[in-house]
Protein chains: 2
Amino acid sequence: MTNQKSVSFQDIREEVIDRIQTRIWPQGSLLPTELELAAEFGCARATVNRALRELAEQGIVTRKRKGGTRVVTTPVKHAKLPIAVVRQTIEDMNAGYRYALVSRTLIDCPAWLQAKLGIPEGAQVLHLQCMHHADNRPFQFEERWINVNAVPHVMDEGFLTVGPNEWLLAEVPFSNAEIAFSAVPATGHLQEFLSVPTGTPLFQLERTTWFRNDPVTFVRMTFHQGYQMRTTY
Amino acid sequence: MTNQKSVSFQDIREEVIDRIQTRIWPQGSLLPTELELAAEFGCARATVNRALRELAEQGIVTRKRKGGTRVVTTPVKHAKLPIAVVRQTIEDMNAGYRYALVSRTLIDCPAWLQAKLGIPEGAQVLHLQCMHHADNRPFQFEERWINVNAVPHVMDEGFLTVGPNEWLLAEVPFSNAEIAFSAVPATGHLQEFLSVPTGTPLFQLERTTWFRNDPVTFVRMTFHQGYQMRTTY
DNA sequence: GAGTGGTCTAGACCACTAG
DNA sequence: TAGTGGTCTAGACCACTCC
């Protein structure tokens with residue numbers, strides 16, 4: 001007896017994926033309406049709705065009122081990259097974490113940063129440089145600028161024992177951000193702090209963060225040689 | 001009159017985010033139950049459920065049966081990277097796309113690839129090298145290995161005019177994949193095809209793809225100097 | 001064992017949009 | 001303007017897990 005009380009939205013989601021993969025519903029084709037599918041599967045429309053809604057979020061189908069549900073023609077998949085605090089990333093590798101402050105200076109906001117953050121001229125920013133080690137080997141060099149107006153009591157924090165990343169996460173949680181990944185050559189500070197020859201290719205993550213529409217910080221995180229960021233989709 | 005017939009799940013989601021950001025519900029704290037929130041907002045429990053479920057998917061709260069809903073202490077945000085076909089990426093930049101096949105060879109699967117794909121010894125793979133240009137400037141060098149057993153009639157395709165990326169997307173749509181991003185130095189083919197000096201840091205994306213649990217392809221895509229992958233979260 | 005979230009149902013009204 | 005998805009409601013039962 002394989003009877004089940006009711007059809008779950010996950011059953012429907014998988015069945016729909018299967019029909020798409022087996023070309024029962026080819027790319028670009030129109031699916032039956034929610035009502036028709038509900039009748040076919042013997043469940044409520046809400047159940048079908050949830051299944052199809054999730055597939056739409058994944059970018060597998062597109063949905064339009066009156067237009068119906070369609071299998072997308074050129075799938076654009078979304079890789080989900082979990083971005084955690086460096087300490088956690090390192091501890092998840094079962095490595096020992098060590099943090100060190102390199103420099104901490106209050107400066108006038110440079111023009112390039114003003115443009116990036118959209119803050120008024122003459123504003124002051126706190127400029128920080130830090131190192132994050134895994135098992136006493138250089139893991140990440142962090143260079144950060146914090147908008148002092150957005151987080152005034154950042155001036156009371158010395159960042160000697162706790163990194164700005166974690167401090168801000170506790171202070172300004174659940175903010176919005178823009179991220180850019182790139183490959184850069186090791187120069188100046190980087191080659192020095194990450195212990196690599198000049199020009200070594202390094203993986204870099206730049207991030208601008210806002211909290212409730214106020215620009216808070218811009219950070220450039222450069223990883224040790226050979227670092228890979230991985231995910232599934 | 002700002003009256004509204006009913007409270008939407010989006011209203012609730014935003015109100016909850018607001019209360020978290022303003023520390024009404026600090027990190028680590030327990031939220032009221034769905035029933036309590038439904039009573040407070042004057043809506044059905046299902047509405048509260050959807051709002052909180054989405055926040056849980058975003059990693060802002062964690063939920064456990066009997067344990068209730070809790071604000072997470074160390075947020076792990078998920079950056080969503082849209083991964084499209086190269087042609088589309090280039091066309092979205094309003095640049096002209098050009099594709100060129102560099103080489104196409106049937107080979108015995110090398111040991112490292114056997115391990116990566118988990119395919120039997122002695123299997124054959126199609127090895128391809130291609131270039132993708134944007135406005136006649138090198139944009140991406142693609143090196144790919146295709147499991148011939150998984151897609152037999154790949155042998156009928158010359159890949160002279162259509163890239164393997166697009167061909168596979170049409171042939172084997174909605175597959176699963178593992179991705180790794182890294183920074184690599186330009187060497188051998190790379191410096192040649194991307195027109196950069198030896199050792200230039202380049203952004204690279206490696207991806208292994210399965211279709212219905214069968215390994216299909218492994219691809220290494222190396223981008224032109226200075227390429228950035230961007231997203232919001 | 002009891003409390004909480006997870007899900008399904010049946011019905012309703014609304015909002016968008018293709019024809 | 002008619003058809004489709006988008007959402008809300010009120011109620012129900014279930015599954016997990018903390019105490």
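## Surface near DNA strand C

By class, the surface near DNA strand C has 5 nonpolar, 9 polar and 12 charged residues. Here Ala, Val, Leu, Ile, Met, Phe, Trp, Tyr, Cys and Pro count as nonpolar, Asp, Glu, Lys and Arg as charged, and the others, Gly among them, as polar. The model is predicted: local features need pLDDT of at least 70, side-chain atom pairs count only at pLDDT 80 or more, and totals for chains, interfaces and linings use all residues. Residues are numbered from 1 along each chain as its sequence is written, chains are lettered from A and ligands numbered from 1 in the order in which they are written, and side-chain values use heavy atoms, with hydrogens and water left out.

There are 26 residues around DNA strand C, and S8(A), F9(A), T47(A), R45(B) and R63(B) come nearest; a residue is near a molecule or strand if one of its heavy atoms lies within 4 Å of it. Sugar or phosphate holds 68% of the atoms of DNA strand C within 4 Å of the protein, and bases hold the rest. Both protein chains take part: α1 and α3 of chain A, and α3 (45-57), β1 (61-64) and β2 (68-71) of chain B, each supply at least two residues of this surface. Helices (H or I, at least four residues) and strands (E, at least two) are DSSP runs, numbered from the N terminus. With 4 residues, α3(A) gives the most to the surface near DNA strand C.

At a base, an N or O atom in the side chain of R45(A) is 2.9 Å from a nitrogen of DNA strand C. From chain B, a polar backbone atom of E34(B) is 3.1 Å from a phosphate oxygen of DNA strand C.

## Surface near DNA strand D

DNA strand D is surrounded by 26 residues, of which R45(A), S8(B), F9(B), A44(B) and T47(B) are the closest. Of the atoms of DNA strand D that come within 4 Å of the protein, 67% belong to sugar and phosphate. The surface near DNA strand D divides into 5 nonpolar, 9 polar and 12 charged residues. At least two residues each come from α3, β1 (61-64) and β2 (68-71) of chain A and from α1 (9-21) and α3 of chain B. The largest share, 4 residues, is that of α3(B).

The side chain of R45(B) has an N or O atom 2.9 Å from a base nitrogen of DNA strand D.

## Interface of chain A and chain B

Chain A and chain B each bring 56 residues to their contact (heavy atoms within 4.5 Å). About 5,100 Å² is buried between them, with carbon and sulfur atoms giving 53%. Buried area is the accessible area (1.4 Å probe) that two parts lose on being put together, summed over both. In chain A, Q21(A), F174(A) and Y233(A) lose the most area to chain B, together 16% of what that side buries.

Between the two chains, 28 residue pairs are in polar contact, both at pLDDT 80 or more. A polar contact is a pair of N or O atoms within 3.5 Å; within protein, one must be able to donate a hydrogen and the other to accept it, and residues adjacent in sequence count only if both atoms are side-chain atoms. On the side of chain A that touches chain B, α1 (9-21), α3 (45-57), β3 (77-83), α6 (164-171), β7 (176-185), β8 (201-211) and β10 (228-232) each supply at least two residues. The largest share of that side, 10 residues, comes from β7(A). By class, it has 30 nonpolar, 13 polar and 13 charged residues.

## Strand pairing and salt bridges

β10(A) pairs with strand β7 (residues 176-185) of chain B in the antiparallel sense over 5 bridges; two strands pair if DSSP finds at least two bridges between them. T231(A) has I179(B) as its bridge partner in β7(B).

A salt bridge is a side-chain nitrogen of Lys or Arg within 4 Å of a carboxyl oxygen of Asp or Glu. The count over all chains comes to 22 salt bridges, and 2 are found across the interface of chain A and chain B. D18(B) forms a salt bridge with R212(A), their closest N and O atoms being 2.8 Å apart. Within chain B, R19(B) forms a salt bridge with E15(B) at 2.7 Å between the closest N and O atoms. Both R19(B) and E15(B) lie in helix α1 of chain B, 4 residues apart, about one turn of the helix.
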